[in-house]
Amino acid sequence: MTSILAFFVLICVLVAVHEYGHFWAARKCGVKVLRFSIGFGKVLYKKVDKQGTEWVFSLIPLGGYVKMLNDEPEGQDHERYDNKSVYQRMFIILAGPVANFLFAILAYWAVFVAGVPTVKPVVGTVVPHSIAAVAKLPDDFEIKSVAGRPVQDWEETVLALVGAVGSSRVEVSGNLIDDQRRQDFVLDLSGWKIDGNQENPLTQLGIRPQSGKIEPTIRAVSEGSAAQQAGLKAGDKILSINGQPFDWLFLTQEIKTGQPLDLKVEQAGEPRELVLNPVWNEKEGRYLVGLSPTFQPLAEKYRTELKYDILSAFGKSLEKVGSLIYTIIQFIGNLITGDLSLKNMGGPISMAKGAGSTVEIGLVYYLSYMALISVNLGVMNLFPIVPLDGGRLVLLGVEAVRRKPVSEKIQLVFQQLGMAFVLGLMAFALFNDIIRF
């Protein structure tokens with residue numbers, strides 16, 4: 001329920017921001033706005049202002065629109081959208097994505113002024129024989145830059161690494177957490193492919209971030225669980241899983257298979273061998289065993305806080321939004337070239353999951369996530385595809401060169417093709433979500 005509510009607020013705010021950009025620019029250019037709508041379908045709420053604009057909230061809030069005076073019989077000629085100059089119309093169209101970028105800048109500014117606790121990009125362990133292992137990246141190494149691009153936390157690090165997909169190599173610089181001497185390493189990315197249905201990008205590189213330590217000692221066993229039925233008790237120490245030394249990540253991966261697990265444990269000081277049979281839980285939609293490990297929190301030296309004064313926060317916010325725009329464009333380019341799998345695309349379920357998880361952590365994280373989605377929305381709307389804003393800008397650009405509008409027939413063809421492409425992309429992203437979750 002939290003995810004649905006957080007997603008609903010996120011979409012309504014970002015749609016309102018985007019459409020208000022169009023609305024404000026239209027008013028500035030003297031265009032009469034007939035309706036400002038958040039959502040589509042049945043009207044749930046409507047209010048008419050002094051200028052005669054209907055402010056509407058509709059049943060399906062997955063989008064919105066600003067309806068301007070154009071072909072309607074009422075109104076005066078100088079108030080019509082089509083009677084404005086090409087450059088005025090370009091200004092009106094461009095104002096929507098720009099509003100999303102401005103919102104993101106303000107949101108990140110607020111986040112950086114308030115301060116956001118985060119984790120330094122310190123390598124915990126390197127998976128043997130992986131890309132990171134071949135590059136000889138050491139444990140406890142704090143990444144300070146990727147391809148010359150400064151990074152401060154794992155979010156920035158992952159974005160920088162994903163942006164390097166398609167390159168044959170990327171340089172990672174930094175230092176050991178307790179040693180300030182700079183070290184440089186080169187990751188060979190020639191065989192790196194990111195599959196959205198598989199591991200996260202860091203794991204695929206062989207990097208496991210430094211995190212709190214999960215001890216092999218069992219903290220608690222749920223009543224009536226598979227763990228209790230297997231004979232496990234709180235205080236037992238897991239020595240190995242299917243012949244492998246204790247590793248919590250390995251244990252969770254083995255549980256996902258649903259297959260019996262051969263455990264070697266130390267119980268009351270004595271070694272024992274047990275068989276743990278994961279049980280399918282319909283409510284959770286996954287296999288569970290019902291045991292909780294002992295957890296040691298992440299040491300303070302691995303933590304940091306991104307916090308700046310008012311002026312510095314604004315500069316950092318501009319830098320953040322600019323970096324995100326660049327990364328998103330790189331991401332799209334890599335999707336087009338095939339360097340990134342289309343399986344990495346997410347849809348509304350991914351967005352709702354992200355909104356729900358961030359709002360539960362705290363307001364600054366939710367606001368940061370909202371800013372990230374706002375930048376995505378701004379960039380995606382600039383795609384040169386009708387009916388997106390970018391496609392309409394292309395048609396206006398052609399009109400500026402030809403000194404006459406593109407014929408309605410050609411506009412209709414481009415709109416139909418563009419709509420089919422956009423709907424197909426949305427359906428594919430939703431399908432990815434369903435497969436992933």
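1. Contacts of Arg303. In this predicted model, Arg303 is in contact with Thr118, Lys120, Pro297 and Leu298, once its neighbours within four places in sequence are left aside. Arg303 belongs to strand β18, which covers residues 303-306, and with a relative accessibility of 35% it counts as partly exposed, because that value falls between the 20% under which a residue is buried and the 50% over which it is exposed. As a reference for distance across the model, the C-alpha atoms of Arg303 and His22 are separated by 42 Å, the two residues being 281 residues apart along the chain.

2. Overall make-up. The protein that contains β18 has 12 helices and 18 strands, and its C-alpha trace spans about 90 × 50 × 40 Å along the principal axes. Of its 437 residues, 43% are buried. Among contacts with a separation of 6 or more, 63% are accounted for by residues 24 or more positions apart.

3. Helix α1 and the residue after it. Does the length of α1 agree or disagree with its residue count? Helix α1 runs over residues 2-28, and at 1.5 Å a residue its 27 residues should span 39 Å; the C-alpha atoms at its ends are 39 Å apart, so the two values agree. Gly30 follows α1 and has a positive phi, near 80°.

4. Packing of α2 against α11. Helix α2 (residues 86-114) and helix α11 (residues 389-402) pack at an angle of about 165°, with 10 Å between their axes. The two helices are therefore roughly antiparallel to each other, since angles over 145 degrees are counted in that way. Their crossing is left-handed. On the α2 side the contact includes Val86, Tyr87, Arg89, Met90, Ile93, Leu94 and Pro97, and these meet Asp389, Arg392, Leu393, Leu396, Gly397, Glu399 and Ala400 on the α11 side. Sorted by class, the residues of this contact are 9 nonpolar, 1 polar and 4 charged.

5. Leu377 in α10. Leu377 is found in helix α10, which covers residues 363-381, and it touches Leu14, His18 and Asn100 when residues up to four places away in sequence are not counted. Is Leu377 buried or partly exposed? Its relative accessible area is 28%, so Leu377 is partly exposed. Gly397, one of the α11 residues in the contact with α2, lies 20 residues from Leu377 along the chain, and the C-alpha atoms of the pair are separated by 22 Å.

6. Positive phi at Asp140. A reader checking the backbone may wish to look at Asp140, which has a positive phi of about 65° although it is not a glycine. Asp140 lies in the loop between α3 (131-134) and β5 (141-146).

7. Positive phi at Arg403. Which value does phi take at Arg403? Phi of Arg403 is near 65°, again a positive value in a residue other than glycine. The place of Arg403 is in the loop between α11 and α12, the latter covering 408-436.

Notes
Residues numbered from 1 in each chain as written. Predicted model: local features only at pLDDT ≥ 70, side-chain atom pairs only at ≥ 80, totals over all residues. Heavy atoms only, no water. Helix = DSSP H or I, 4+ residues; strand = E, 2+ residues; numbered from the N terminus. Buried < 20%, exposed > 50% of the residue type's maximum accessible area, 1.4 Å probe, protein only. Contact = heavy atoms within 4.5 Å. Axes fitted to C-alpha atoms, helices over the stretch in contact; angles between N-to-C directions. Parallel < 35°, antiparallel > 145°, perpendicular 65-115°, else oblique. Left-handed = near helix turned anticlockwise from the far one by under 90°. Nonpolar A, V, L, I, M, F, W, Y, C, P; charged D, E, K, R; others polar. Expected span 1.5 Å × (residues − 1).
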